Amino acid sequence: MTFRQARWDEPSIWDLAPSTPGEPAPAIPGLPERMRRRERLHWPELSELAVLRHYTRLSQMNFGIETSSYALGSCTMKYNPRVSEVLARRKGAGELHPNQPESTAQGALELLWRLERLLTKVTGLPEVSLQPAAGAHGEYAALLMVRAYFRDRGELERRTEVLLPDTAHGTNPASATMAGFSTREIPSKDGCVDLESLKSAVSDRTACFMLTNPNTAGLFESNILEIAETVHRAGGMLYYDGANLNAILGITHPGRMGFDVAHLNLHKTFATPHGGGGPGAGVLAAGEKLGPYLPVPRVVKNGRKFRLDYDRPKSIGKIKTAYGNFGLDLRAYVFAISHGEAGLQHVARRAVLNSNYLGLRLGRFLPRPFSTLVKHEFLLSGTPLKARGVRTLDLAKRLLDEGVHAPTIYFPSLVDEAIMVELPETESKRDLDEYAAAFERAVTDTPERLRAAPQHLAVKRVDEVRAARDPTLCWKDLRQRTGNAEKGPPAPAAP
Amino acid sequence: MDGTARSATGSGVARWIPDEPGEEAALLEALGIPSIDALFADVPKKARIGRLGIAAGLEEADVVAHVDKLLDRNRPLSKFSSFLGGRISARYVPAAVDSILQRSEFYTSYTPYQPEASQGMLRALFEFQSLWVELTGLDVANASLYDGSTAAGEAMLLCRRLHEGQRFLVPASLPWEEKSVLRNYATGPGLQVEEIPYDPRTGNLDLEFVRTAVAAHDVFGLLGDVPNGFGHIDEGLWELKSILGTVPFVVSADPLSLTVLDPPGNYGADVVVGEGQGFGIAPSYGGPLLGLFACRKEHLRVTPGRIVGATVDADGAPAYTLTLQTREQHIRRSRATSNICTNQSLLALAFVVYASVVGPRGLASLQVSLAEKARTVASGLGSIDGIQSPRFESPYLGAFTIELRSMGAEVFLDRLRRRRVLGGHSLADPRPGAPADPPRVLVAGSDSTTEKDIQKYVRAARSILGASGGTA
């Protein structure tokens, strides 16, 4: 496909109009002098149209799902239904304050309650909280629940270890550390948890084993029932990282697989928009052991009335202000009830069909390290590119020139030059074929052109090393740099 | 089920999953398998479920009708004279702000891992970081955290990286939710969140308590908030740095207040966090929100969250990218500075677009006008026997605290509600067993508050408390 991204030499917003240095900030009566801001905030005064033009131009220098196939593995970049955007902006949704009386927010509470009931079915776990703001936030809260559970049983002194496979998302070990556990990696065998290694690693020190299934190699952990038994026999908890739930909706669920607690990412599986990095919405689902430890409040139904229940003596308390990201929960609810029973299963089936088909097509160009029967995503290895003096990074950049988003690269680390591809159920066969054709043009291009990519975007290859070496993180830093530049031309770009 | 015909799936909104005639059949044929079932051969029989047990899918029009019916059971703020505020506010958002948020290039994009394809979002985030730096008087800001309370939690963990000790001091007046979130962030590393008592007359921090605590050499950080949990401005914050010395100082600040207040960087704050929802984001029953985070440059490498930096491209042209990623979970894993992956980028965009549309003069005028309204409400309520309003003798901006002399806060608020007044929110911790606080209510005006709303509140309160004292 011929693709040219817009390239506006758009100034930064503060260069669109002079701010007014020196102008005093207004005084508030009764506010002592020393507490006052002296100069008004330095920021430009612009017309509404000027602001709109600026950000519209910036938006034209950005890929989104509605412009491009977005093949980031483990991110589940599916279509975000427009109808949800309309509904989330209704007065009855947006114009609600979390502190308004429950009697005036019955619809919101009922929607949350209904979504929670639905998610108990999807997860197979009886207790659900929508409080976490994101997946990693849910992981962290779940590990605090595990902590509280073992504290109450008097085992916390001993159970200090969280086990995870070497394919785990980076958030898993980071959350475990924040929750005060030490972490230990279990090596994989053929891309899946090596059961023997797990068996020798579990002990009475094991608090929890964190697992995503299907895993980040796109493989279903077929030993899951034995894994659950192994962890439980050692007295540990089994944690489900729901980032990859899309592949198994309606086929299996964490409860059936033996998990004690799970987080879901509504911004992946349930199609709420990623917003350039957020907001997300996390879900915590727990079995009977950990259910009492879920954060407060819980949404409960009494007769026909809904209310927020704070009377949960074992609860870990709060993990964020208010109760969850209601605006996102509403969108997820829309997605779930639109698809319904058969539809949700169809989501998983089509996502897996797409993934296997694209895996087959792209597997002609680069090796696939493990089994070719995959779930929602698959791995390639860019190792053969090295012989041509090309890296996986170059291939990713070259793909951008085709007008499609690159896969996740260099993760998981157990595969050399890993390329992780996921195009979910909302991509058509035509989209998959176009992606495969773009991939073929990219991977067969000359090393020179691969290394020079991208050429068709708003900028050429971005110098990330320089960004880290000489952190320039705000307007103030840029002004300083410009001040230096007046003494001489800016340093030429590093190659 | 072979999944070849849409009608067979029972899926409601057929358009969301492509289904050109023969499409699935062609995919299956390429794979050389008869049915999608073959692709799930690796899921053991014992691990499978029969069905979810949820309702069949709905068509879009039916979904809209159903959700609208639910939402109609809510009574949005505009149905009341509302005085709800605090960390989450309900202010008018110019239509232009949301029109930018609805650009699908922004809202449907992922974290900008490929900077060349994501310059738009990266530049917007860089502008957002710059704005928070300007407001706070600090050096660097990150690209957002979940909300104000989790930003405070991350700030506390940052302090512990900078300073030895086990105790983190916070105002006793901090909203109970934020204390609870902080205690959760303290659990992992085994830290103590300790409350600083306040002067019962002013609500200000007991600086002697801080002095004594710091002298014990076990305090690794302190958080002060502006306005504080009572809505008031504590002059003591301006004294704290000299008491704390090298102990890190976190300020949690309302961004609008910083258009008229001395930036915390000027009085020694090492970290400034805040809740950014008031800038262009609907309250939406409490989420999504926006966590703001800025700190001093020397602490950059131990800072949590995504950070956008300016650099150049291969031609030397200006370009932007996520930077200093070696701090982050996807690289550093168990040794990361935080587990943050998802943040609140789209809300950060709303923040900077809102500030740019309203402009620096408009923002400051808004704060001035909110402060005027709050004073009018405070003196109106103060004329009623049975209410001490404002409760504390210290300056305030758009919100303040009242105390009821002879009625519980919940009863008072419920009776107001019946008169179509949302009179604020109770400051009490609603968890059973929580210490019983005096009946206090945080009251805030908003830009939509009219003279009539204020009169209505005062009249309703007077009638509920059954007395017409004072001079009003």
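**A helix, a loop and an interface**

Modeller: Helix α10 of chain B, residues 237-244, has Leu237(B), Trp238(B), Leu240(B), Ile243(B) and Leu244(B) as its buried residues. Buried means under 20% relative accessible area, exposed over 50%, and partly exposed in between, with a 1.4 Å probe and protein chains only. Helices (H or I, at least four residues) and strands (E, at least two) are DSSP runs numbered from the N terminus.

Biologist: What are the ground rules here?

Modeller: This is a predicted model, where local features need pLDDT of at least 70 and side-chain atom pairs count only at pLDDT 80 or more, while totals for chains, interfaces and linings use all residues. Residues are numbered from 1 along each chain as its sequence is written, chains are lettered from A and ligands numbered from 1 in the order in which they are written, and side-chain values use heavy atoms, with hydrogens and water left out.

Biologist: Back to α10(B): what covers its buried residues?

Modeller: The cover includes α9 (207-215), β5 (219-226) and β6 (249-253) of chain B. After α10(B) comes Gly245(B), with a positive phi near 60 degrees.

Biologist: And chain B overall, how many helices and strands?

Modeller: Chain B has 14 helices and 15 strands. Its C-alpha trace spans about 85 × 55 × 50 Å along the principal axes. Of its 472 residues, 65% are buried. Among contacts in chain B (heavy atoms within 4.5 Å) with a separation of 6 or more, 71% are between residues 24 or more positions apart.

Biologist: Where is Thr337(B)?

Modeller: Thr337(B) sits in the loop between α11 (329-332) and α12 (345-382) of chain B.

Biologist: Is Thr337(B) buried or exposed?

Modeller: Thr337(B) counts as buried because its relative accessible area is 10%. Its side chain reaches the backbone oxygen of Thr303(B) at 3.0 Å. Leaving aside neighbours within four places in sequence, the contacts of Thr337(B) include Glu154(B), Arg161(B) and Arg327(B).

Biologist: Switching to the interface. How many residues of chain A are in contact with chain B?

Modeller: 204 residues of chain A are in contact with 191 residues of chain B. The area buried between the two chains is about 17000 Å², with 61% given by carbon and sulfur atoms. Buried area is the accessible area (1.4 Å probe) that two parts lose on being put together, summed over both. Glu341(A), Arg349(A) and Leu473(A) supply 5% of what chain A buries against chain B, more than any other three residues.

Biologist: How many salt bridges across the interface of chain A and chain B?

Modeller: The rule finds 21, a salt bridge being a side-chain nitrogen of Lys or Arg within 4 Å of a carboxyl oxygen of Asp or Glu. Asp42(B) and Lys375(A) form a salt bridge through their side chains, at 2.7 Å, N to O. On the chain A side, α10(A) gives the largest share of the residues touching chain B, 27 residues.

Biologist: Which residues have the most contacts inside the largest nonpolar core?

Modeller: Leu198(A), Phe209(A), Ile227(A) and Phe270(A), in a core of 136 residues. Helix α10 of chain A (residues 326-362) gives the most to this core, 17 residues. A nonpolar core is a set of buried Ala, Val, Leu, Ile, Met, Phe, Trp, Tyr and Cys residues joined through side-chain atoms within 4.5 Å.

Conventions. Polar contact = N/O pair within 3.5 Å; in protein donor to acceptor, adjacent residues only side chain to side chain.
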